[in-house]
Amino acid sequence: MKAKLIMNPNPMTLRPTDTVATAAERILKHHLRHLPVIDEQGRYLGTFSVYSLLKLTLPKAVLDEHGLDNVSFVTESLDDLAQRLGGRRDEPVKNWLNVHEVAHPDTLAMKIMLLMLEGRTTSVPVVDKTDGRLEGIISFWDVLEKLIGENK
Amino acid sequence: MHGSSEVASVGSMWLAAILFVITYGVVMSEKVNRAVVALVAAGLMIILGILNQEAAIRGIDFNTIGLLIGMMVIVAITRQSGIFQFLAIWAAKKVDARPWGILVMISLVTAVTSAFLDNVTTVLLVVPVTLLITEELKVKPYPYLFAMIFASNIGGTATLIGDPPNIMIGSATGLTFNDFAYHLTPAILVVLAVTLIPIYFIWGRHLKATPEDRQRVMQFNEFEAITNWRLLKQCLTVIGLVVAGFVFAHSLKLEAATVAMTGAAVLLLLANFGKGPDDQSKHVLEAFNEVEWITIFFFVGLFIVVHGVDSTGLLKLLAEKMVAMTGGNLTATAMIILWSSAILSAIIDNIPFVATMIPLIKAMAPTFGGEHGLLPLWWALSLGACLGGNGTLVGASANLVVAGFAERAGQPIRFLQYTLVAFPIMLLSILISTFYLYWRYL
């Protein structure tokens, strides 16, 4: 089965200039984990996710891959963390994107599952091979429904 | 390094000189990994018949290699204990998390640590905590990172084991840990203190943090930074013994590499005691993987290349020319070595430079009344080559590591912007060294 038959062709998206506050509101309201971000031509730029929100609550210094491997000495309260997130609410989402590996409309099911497993993500953007436009998004739930549906 | 006993023709002198210049050129271009360049050049030295394999191996200073590897293994194990984060946080809290106080304390921690451990490792471990602290205080990290670059290179100059140039000089001359402490540490204390003055006037006096932000740093629990108390105790014991070993090495008739390598072996033994065989293999391999093999093989190749050039009598010839230029005047020679080392080390890697200068200075012994008369020249070389590294961002590897962190933290250190402030401050440190050498030795 190909990606275009599994994907949700009308996912909720963000623009790069949308604020962190807007993104957070949508994530909370719709209980989404991943919001693809597209430019004016509809091209996929990256994904703003619940992990982006987690990063936004942490000091930049602890996110550096060569940085601190132990942060248990930092005694910040929940208020401190909330304050940091609050202070960044008006930043554009484009600073906080993850660029996931993408699938194409004719990518096969097994490859898509492997992308989820290896990318530690529950959603794979489906992108047109030639112009990079976002065609849809495949969530873990889309795959699972198809799987169980076919095995019945 | 050994004397130039091999007989050489003018032809091989030219060949060696050309190979040497090309090697340096390619190393400076940074187009090919420096270890690879040095090893290829070393191979050519032998294949072209300038050295035979036996002579090439004699050229490798295994005391330097052993000392470097031993200390790298000790650091690789010690860093896992969290002691470096502990020190940085403890230092910050000692000054009530006042921004300028923290800058001074972090500089001191960096300098003292760099004096005993590799500079790159030191900044690799202290920069992340510093970035966290500046972020909590909402102050710009730039002045802190700038001060840390200086502190690591200045601190490294203070001891025999602080910086590769000192390790090489000590190994080639037989100058001991105590010699370095007695002759260089006093100058370094002054240089470190004076360096902080311009940093204060340029940035320090403008650093401000609110009481609430400072409070957040004061609430850090530095004891939580220690991840393994048992390992920490083992590491501190071994480091204490190794330093004691360096201090008494001369009276015990031990070379520095023996002390460092034995220390590393004992620490590997302690840290893995009672673990299963698979677990042991894993941990020992991890520690060995942390050794900077690129640096080690760069040294190996370089020692052979320099020995090749030395064996043709070229460096002796250059030494004679330099002595003739200064009319055999010790003061003038020391000053030329100090200032040219500083300026060159700001631009090129100081390791190949010092590797070349050592046989060159040794060849001057007859002019200045034997080995002992060379003493001021060795201190001039060390001060110039180590402190010169502060002059530009590419002057020392630690500078580039700090710049990498700054870049990723979104606060890049620009080459020109850094040089404009750093180069004059570096020259100031050389000026202090000039007075120091003049007052004490010349």
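Me: Which way does H6(B) cross H7(B), left-handed or right-handed?
Reply: In this predicted model, H6(B) passes H7(B) in a right-handed crossing.

Me: And at what angle do those helices pack?
Reply: Helix H6, residues 99-116 of chain B, and helix H7, residues 119-137 of chain B, pack at an angle of about 165 degrees, and their axes are 10 Å apart. Angles over 145 degrees count as roughly antiparallel, so H6(B) is roughly antiparallel to H7(B).

Me: Which residues make the contact?
Reply: From H6(B) the contact takes B:Pro99, B:Ile102, B:Ile106, B:Val109, B:Thr110, B:Thr113 and B:Ser114, while H7(B) brings in B:Asn119, B:Thr122, B:Val123, B:Val126, B:Thr130, B:Ile133 and B:Leu137. Sorted by class, the contact of H6(B) with H7(B) has eight nonpolar and six polar residues, and no charged ones.

Me: Ok, on to H8(B). How many of its residues are buried?
Reply: Helix H8(B) is mostly covered, since 15 of its 16 residues are buried.

Me: What span should H8(B) have, at 1.5 Å a residue?
Reply: The 16 residues of helix H8, which are residues 142-157 of chain B, should span 22 Å, and because the end C-alpha atoms are 23 Å apart, the two values agree.

Me: Now B:Asp310, where does that lie?
Reply: B:Asp310 lies in helix H16 of chain B, which covers residues 293-311.

Me: Buried or exposed?
Reply: B:Asp310 is buried, because 27 other C-beta atoms lie within 10 Å, and 20 or more is the cut-off for buried.

Me: How many Å separate the C-alpha atoms of B:Asp310 and B:Ala17?
Reply: Those C-alpha atoms are separated by 9.7 Å, although B:Asp310 and B:Ala17 are 293 residues apart along the chain.

Me: Switching to chain A, how many helices and strands has it?
Reply: Chain A has six helices and four strands, and along the sequence these follow the pattern α-α-β-β-α-α-α-β-β-α.

Me: What about the box that the chain A C-alpha atoms fill, and burial?
Reply: Taken along the principal axes, the C-alpha atoms of chain A fill a box of roughly 50 × 35 × 30 Å, and buried residues make up 30% of the 152 residues in chain A. Of the contacts in chain A with a separation of 6 or more, 62% come from residues 24 or more positions apart.

Definitions and conventions. Residues are numbered from 1 along each chain as its sequence is written. Chains are lettered from A and ligands numbered from 1 in the order in which they are written. This is a predicted model: local features need pLDDT of at least 70, side-chain atom pairs count only at pLDDT 80 or more; totals for chains, interfaces and linings use all residues. Helices (H or I, at least four residues) and strands (E, at least two) are DSSP runs, numbered from the N terminus. A residue is buried if 20 or more other C-beta atoms lie within 10 Å of its own, exposed if 12 or fewer, and partly exposed in between; C-beta atoms are placed from the backbone. Two residues are in contact if their C-beta atoms, placed from the backbone, lie within 7 Å. The expected span of a helix is 1.5 Å times one less than its number of residues. Axes are lines fitted to C-alpha atoms, for helices over the stretch in contact, and angles run from 0 to 180 degrees between N-to-C directions. Angles under 35 degrees count as roughly parallel, over 145 as roughly antiparallel, 65 to 115 as roughly perpendicular and the rest as oblique. A crossing is left-handed if the near helix is turned anticlockwise from the far one by less than a right angle, and right-handed if clockwise. Ala, Val, Leu, Ile, Met, Phe, Trp, Tyr, Cys and Pro count as nonpolar, Asp, Glu, Lys and Arg as charged, and the others, Gly among them, as polar.
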